[in-house]
Amino acid sequence: MQAKNVFILAIESSCDDTSAAVMQNGTVLSNLVAGQKVHESFGGVVPELASRAHQKNIVPVVHEALKVAKIAPESLNAIAFTSGPGLLGSLLVGTSFAKSMAMALQIPLIDVHHMQAHVLAHFIDDDKMKKPPFPFLCLTVSGGHTQIVRVKNYFDLEIIGKTIDDAAGEAFDKAAKIMGLPYPGGPLIDKYAQQGNPLKFTFSKPNIKGYDYSFSGLKTSILYFLQKAVKENPDFIKDNLADLCASIQQTIITILLKKLELAAKETGIKHIALAGGVSANSGLRNALLQREKTLGWTAYIPNFEYTTDNAAMIGIVGYYKFLDNNFADSNVGAQARMSW
Ligand code: KG4
Ligand code: ZN
């Protein structure tokens with residue numbers, strides 16, 4: 001079914017961002033994100049606080065998204081929401097809100113897989129982004145996931161590699177925490193790394209078979225290295241912050257790219273995309289662009305606003321599912337863990 005104009009309200013609440021977007025077909029009319037500063041001093045997301053903040057934010061964020069889009073609730077054709085994976089208490093807020101609103105408006109409900117949404121963010125209609133052709137490989141790197149996904153079409157996504165322990169975003173955040181930086185540390189490491197020497201310090205890299213990843217050894221290697229260095233010079237981290245950040249970032253990128261290169265070589269796929277919060281990392285984005293020259297890849301890099309958690313990516317999956325007549329039934333629920 002190809003309706004002329006499909007208006008979808010999308011809601012994302014899987015972790016610590018409350019986001020609402022309004023889509024007109026594949027175009028984003030509004031995409032609002034309310035972050036939660038409350039977790040900063042805890043060094044990570046506190047699930048109880050996250051769900052409480054979602055409850056506080058959801059109504060104003062949805063209201064504002066409709067207002068910015070200049071769309072009345074009665075004009076909506078469907079409501080899409082993240083049903084998982086994520087923090088159960090957080091997911092439940094978005095899920096119950098979406099269900100009640102869809103019921104009140106008597107419009108269909110569309111459940112969306114959060115990780116599929118990170119990948120399909122590439123199909124948002126936006127002049128600054130090019131859409132990858134099928135099949136392509138997507139390195140999906142976030143705070144909770146690290147995956148190499150072979151994308152055959154909008155709904156056929158195969159995970160061919162994944163982390164066996166920490167996610168890449170977790171590696172950034174945990175390294176930042178060890179250095180005394182607030183949560184989430186990934187963007188801060190990126191910022192300080194720009195002034196540093198990526199070759200100054202070396203950290204251990206995993207030796208895992210196939211396309212899988214491991215980041216827990218890196219965290220331990222950073223911890224032991226810094227414990228020893230700080231014993232000798234209590235100001236070691238402060239004195240070397242930029243070089244430490246650049247070296248840690250470089251190590252994570254090298255680990256990520258090694259398996260991605262192997263997957264590209266063995267599958268013969270040269271259309272390579274990045275997705276997820278860590279794809280905001282400037283070093284990773286540059287490394288991918290460099291592979292266009294050295295390995296003949298075509299790189300697909302999302303706009304910054306579609307890298308970290310946002311509802312527009314939920315909306316684009318909602319749109320394709322709408323066209324496919326793939327709606328949720330009324331007993332759909334939130335799921336903390338989910339396969340594709
Ligand atoms: O996709 P996302 O917003 O949430 C999850 O689904 O997990 O990803 C959040 C992760 C965090 O670990 C955050 O530190 C990381 O993405 N991140 C970055 C950057 N921006 C966000 N990591 C490195 N460099 C960045 N610029
Ligand atoms: Zn995410």
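These entries cover the aromatic rings, the zinc site and the nonpolar cores.

**Before starting.** I reminded myself that this is a predicted model.

**Entry: aromatic rings.** I searched the whole structure and got 15 aromatic pairs. I began with Phe123 and Phe134, which are stacked, with 5.5 Å centre to centre and 25° between the planes. Both residues sit in the loop between α3 (114–120) and β6 (136–141), so their pairing ties together parts that are eleven residues apart in sequence. I then checked accessibility. Phe123 counts as buried because its relative accessibility is 3%, under the 20% limit. Phe134, at 32%, is partly exposed.

Phe123 also pairs with Tyr320, this time edge-to-face, at 6.5 Å centre to centre and 85° between the planes. This pair links distant parts of the chain: Phe123 is in the loop between α3 and β6, Tyr320 is in helix α10 (residues 311–323), and 197 residues separate them. Tyr320 is buried, as is Phe123.

**Entry: charges over rings.** I found the charged end of Lys130 over the ring of Tyr300, 4.9 Å from the ring centre. Arg285 places its charged end over the ring of Phe304, at 4.0 Å from the centre.

**Entry: the zinc ion.** Which atoms coordinate the zinc ion (ligand 2)? I listed His114 (NE2), His118 (NE2) and Asp309 (OD), at 2.0 to 2.1 Å. Along the chain, these donors follow the spacing H-x3-H-x190-D. The two histidines, His114 and His118, lie in helix α3, four residues apart, which is about one turn of the helix. Both of them are buried.

**Entry: nonpolar cores.** The largest nonpolar core has 48 residues, and those touching the most other members are Met179, Phe215, Ile252, Leu256 and Leu260. Several elements each supply at least two residues of this core, including β6, α4 (168–178), α6 (216–232) and α9 (282–295). I wrote down that α8 gives the largest share, 13 residues. I then followed Leu260: beyond its neighbours within four places in sequence, Leu260 is in contact with Leu139, Ile148, Tyr213, Ile272, Leu288 and Trp297. Apart from this core lies another, of 36 residues, with Ala117, Leu120, Val151 and Ala312 among them.

Technical notes
Residues numbered from 1 in each chain as written. Chains lettered and ligands numbered in written order. Predicted model: local features only at pLDDT ≥ 70, side-chain atom pairs only at ≥ 80, totals over all residues. Heavy atoms only, no water. Phe/Tyr/Trp six-rings, centres within 6.5 Å; stacked < 30°, edge-to-face > 60°. Buried < 20%, exposed > 50% of the residue type's maximum accessible area, 1.4 Å probe, protein only. Lys NZ or Arg CZ within 6 Å of the ring centre and 35° of its normal. Donors = N, O, S within 2.8 Å, 3.2 Å for Na, K, Ca; no water. Core = buried A, V, L, I, M, F, W, Y, C linked by side-chain atoms within 4.5 Å. Contact = heavy atoms within 4.5 Å.
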